[in-house]
Amino acid sequence: MKPTRKKLIGLAAGALLLSGTAAIAGSLYIDAKALVGQVLLERAFAQTIVTGQPAKPWSWADTWPVAKVSAPAHGESAIVLAGASGEAMAWGPGHLAGTPRPGDNGISIIAAHRDTHFAFLEHVQPGETISVTNADGTAHAFEVTGTSIVRWDQSGIDPVAPGKQLALVTCYP
C-alpha cells in the first residue's frame with residue numbers, strides 16, 4: 001500500500017473510533033444524569049413533604065417534585081416533576097400541566113422517556129398496582145387495566161374523563 005492510502009485508512013479508523021466513543025459516552029451521560037438527578041430529586045421531594053413548600057432539587061432548576069410514582073412489582077420508582085418539558089423529562093417523569101393531580105377527579109398524565117425512568121412500562125401487566133404519592137403526602141394506588149401503543153396524536157386520553165385515573169405515557173419504540 002502507498003503511504004497516502006495507509007494514512008487515509010488510519011484517519012478513517014480513528015474517526016470511526018472517535019465517533020463510537022462519543023456515542024457511548026453520550027449514552028452513559030444520559031443514564032448517569034437520570035440516576036444522579038433522582039438522588040437530588042428524592043431529597044427535594046422529602047423536603048417538600050416535610051415543609052409543605054415546593055423545594056427545587058438545585059438552585060437553577062425550572063421545575064420541582066410534585067409526586068413519586070412506584071411500580072412495586074418491578075421494584076421501580078421515580079420522582080415526578082412539575083411539567084413535562086424536555087428539560088424536566090431529562091431528569092425524571094413529568095406531570096402534564098392541565099391534567100389533574102394523581103388521585104383527583106379525571107385522568108392524571110405522567111410522561112417519561114421509555115429508555116430511562118419508564119423503561120419498566122414494557123413489562124407492566126394488567127392487575128398490577130402503580131402507586132403515587134403526591135407532594136402533600138397523600139398516597140394513591142392505581143390498578144393497571146391495560147396498555148396500548150397509539151399514535152402520538154390519537155391517544156384518546158381525556159383529562160376530564162370521569163373517575164380518578166392515571167395514564168403513564170412514553171414514546172415508542
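Start with the whole protein chain: among its contacts (heavy atoms within 4.5 Å) between residues at least 6 apart in sequence, 51% join residues at least 24 apart. You're looking at a predicted model, where local features need pLDDT of at least 70, side-chain atom pairs count only at pLDDT 80 or more, and totals for chains, interfaces and linings use all residues. Residues are numbered from 1 along each chain as its sequence is written, and side-chain values use heavy atoms, with hydrogens and water left out.

Now switch to cartoon view. There are two helices and seven strands; helices (H or I, at least four residues) and strands (E, at least two) are DSSP runs, numbered from the N terminus.

Next, select the strands. They form an open sheet with mixed pairing, in the order β6-β5-β1-β2-β3-β4-β7. β6 (139–143) and β7 sit at the edges with a single partner strand each, so one side of each has no neighbour in the sheet. To count as paired, two strands need at least two DSSP bridges between them.

Zoom in on β4, residues 106–111: six of its six residues are buried, meaning under 20% relative accessible area with a 1.4 Å probe, protein chains only. What flanks β4? Strand β3 (residues 94–95) pairs with β4 in the antiparallel sense over two bridges, and Gly94 has Ala111 as its bridge partner. Strand β7 (residues 164–169) pairs with β4 in the parallel sense over six bridges; find Ile109 opposite Ala167 there.

Last stop: select β1 (residues 65–71) and β5 (residues 129–134), which run antiparallel and are joined by four bridges. Ser70 partners Ser131 here.

Notes
Buried means under 20% relative accessible area, exposed over 50%, partly exposed in between (1.4 Å probe, protein chains only).
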